[in-house]
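Q: I have a two-part reading task. Please walk me through the features, one at a time.

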Amino acid sequence: MAVSESAPASAADLTQDQLRSMYRDMVLGRLLDERILVLNRQGRAPFAISGQGHEAAQVGVGYALRRGHDWLVPYYRDLTLVMVMGMEPRDHLMASLGRAPDPNSGARQMPGHYGSRAHNIVTTGSPVATQILHAVGVATAFKYRGEDKVVVTSVGEGGTSEGDWHEGLNWAAVHRLPVIFLVENNSYAISVPQSRQMAVAHVADRGPGYGMPSATVDGGDCLAVHAAAREAVDRARRGEGPTLLEAVCMRLQSHSSDDDQRRYRSPDDLAQMREHDPLERFRRQLEGFGVLSEGDADIVRQDCQRVIEAAQAEADAAAPPDPATALRHVYQEG
Amino acid sequence: MAQITYVEAIRGALEDEMRRDDRVLVMGEDVGAKGGVFGATAGLFQEFGEERVIDTPLAEAAIVGVSIGCALAGLRPVAEIQFLDFIPPAMDQIINEAAKIRYRSNGDWSCPMVIRAPCGGGVHVHGALYHSQSLEALFAHVPGLKVVIPSTPADAKGLLLSAIRDPDPVCFFEHKALYRSLREEVPEGEHLVPIGKSRVAREGTDLSCITYGATVHEALTAAERMDRDGIEVEVLDLRTVRPLDREAIIATARKTGKVLVCHEANLAVGVGAEVAAIIAEECFQQLDAPVMRLGGPEIPAIPFAEPLAEVYCLGPDKIEARLRQLAAY
């Protein structure tokens, strides 16, 4: 059943079930993110890096991809996006608590360093923007084999100052590769504001410099992001090359559990951000469409909490990695 | 078997492997229509096309980073860095990414790729500071990488085939002075030389000279001169500096009891230090002299003018002098 007539054109290709599912994914990402921060404050999760405020953009992009077919080369704020691709709360809790079943790395890496071959999520490290070039290589392989797959790679606006980002966009444009460069611009690279990162108003202003279509969208507007991502994905799948897609997001939490953004952002700034929380915006939007009824949002929330409780119980019960495994997987074994 | 040069052996190995396995592709600066600045990819562009022999933008980090992505997606890329001296921009991709992909994903992902780069200089190479460096120690320090430095045309082919088929990232450094100075019979078709296995380039009983790359030939010349005086020098060509062939290093040290380790790269904290440490740890009782080392002096690289270059370079004379010193100990 298609959405009601009050829905914008950007939602036209989405069913009511998909819209509800998108909302649920956003809520699941948010509540899991909040849970991890609590576990960090309790001293149980040694490190946490939050994606709160980015959920709408990540869901918007994620739903433009074919799960199990397309690829993602993420960055550390993509908790919600990797779950759209198929990862589970359990996976992230295993990583956050340093448990052996962590599918990203077997608890070798800090949490937030996503990777899962089963879900076409490329393994990622800590250096910023190195992953951009890997996505270009993945897209090279798709094109070389004549596959109709696309790859999305993401980074913050700070990462666009890195040489690897520039080299990756330039290369992808030269070779017209099926890659979407998503920039989740939340205005801050740890403490450094965008104005100290670049002299242009929008990251997407650089698109023409690479000979590449680009767009800036409101990252708090899930459907706007989705429409822009669909356009980029369709273009890539048609063999018409890459797109630079900038989603203007908000960073509701500090950079990481080792940072306190109250030291460099004003109370007004922080308060104003909260008033535009993308989750609330999407809830109101879906209620306006008649996709969510009164009380539905609470039910979604309770359901997600149950999933997280069960996942945490599983992670709590899981064993830490065996020290004997620390020397494994440096080279292929056997 | 045909008599071919070192660079022809490299080119032939790439061609053979690209014909055998369509996952193999080549990328780098000028590797396409020109066939590489040293001709190592000559003719490949014409045979395999621009999708498999990719002329890249002038961006070393991208050449390696994009190759990593290709490897992650199931291809077998061979990246060419035009000169090893220009690899530093790609170090992040090599050390933090390629080397760690298997480990950091707990074996979920792997990165089978080769990074080829011409290295080394010499009195007649005139490469000066930025076209002559031997930087292998930087890579040999990193778990997750393999580092191969062949000294002969046959090894260049056999080791390159092994490197391309290797499931992990391999740094493959080719001494540019060898490209056209050597010609030897190289087996046609399937000729695999295993990574991590050294080669006794010359048998001897009195002294051991452990080395690799172009220095092998200088050591052999020095050994021949010693032979005239009845001193038998065994020359061990390491072929691979990570992983080192510990067994062979220990065997030759125990056999002769006197070892000189030499390489063109800077001496301090070089591969020779690791070799010497292995011998000190494993062969102390069998040694008749302290392990000696010979390598590049404490200057950044090989200078341009010949009188200056000579100060840096080893050559048979310097190696012979050290061997005689060792023999007299």
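**Reading the fold**

Q: How does the overall size of chain A agree with a compact globule?
A: The radius of gyration is taken over C-alpha atoms, and the globule rule is 2.2 Å times the number of residues to the power 0.38. With 334 residues, a compact globule would come near 20 Å; chain A has 19 Å, so the two agree. The C-alpha atoms of chain A fill a box of roughly 55 × 50 × 45 Å along the principal axes.

Q: What should I know about the model and its numbering?
A: This is a predicted model: local features need pLDDT of at least 70, side-chain atom pairs count only at pLDDT 80 or more, and totals for chains, interfaces and linings use all residues. Residues are numbered from 1 along each chain as its sequence is written, while chains are lettered from A and ligands numbered from 1 in the order in which they are written.

Q: How many helices and strands does chain A have?
A: Helices (H or I, at least four residues) and strands (E, at least two) are DSSP runs, numbered from the N terminus. Chain A has 11 helices and 7 strands.

Q: What share of chain A is buried?
A: A residue is buried if 20 or more other C-beta atoms lie within 10 Å of its own, exposed if 12 or fewer, and partly exposed in between; C-beta atoms are placed from the backbone. In chain A, 55% of the 334 residues are buried.

Q: How many residues of chain A are in contact with chain B?
A: Two residues are in contact if their C-beta atoms, placed from the backbone, lie within 7 Å. Here 31 residues of chain A are in contact with 35 residues of chain B. Helix 5 (130-145) and helix 6 (163-174) of chain A are the elements giving two or more residues to chain A's side. Helix 5 of chain A gives the most, with 10 residues.

Q: What does the domain assignment of chain B give?
A: Domain bounds come from an automatic or database domain assignment. For chain B the assignment gives domain 1 (2-186) and domain 2 (199-328). Their C-alpha centres lie 26 Å apart. The contact takes 26 residues from domain 1 of chain B and 25 residues from domain 2 of chain B.

Q: Which residues have the most contacts inside the largest nonpolar core?
A: A nonpolar core is a set of buried Ala, Val, Leu, Ile, Met, Phe, Trp, Tyr and Cys residues joined through C-beta atoms within 7 Å. The largest has 207 residues, and those with the most contacts inside it include V136(A), I180(A) and I115(B). Helix 8 (residues 222-237) of chain A gives the largest share, 10 residues. Domain 1 and domain 2 of chain B both give residues to this core, so it lies between them.

Q: What is I180(A) in contact with?
A: Leaving aside neighbours within four places in sequence, the partners of I180(A) include V150(A), V152(A), A229(A) and L245(A).
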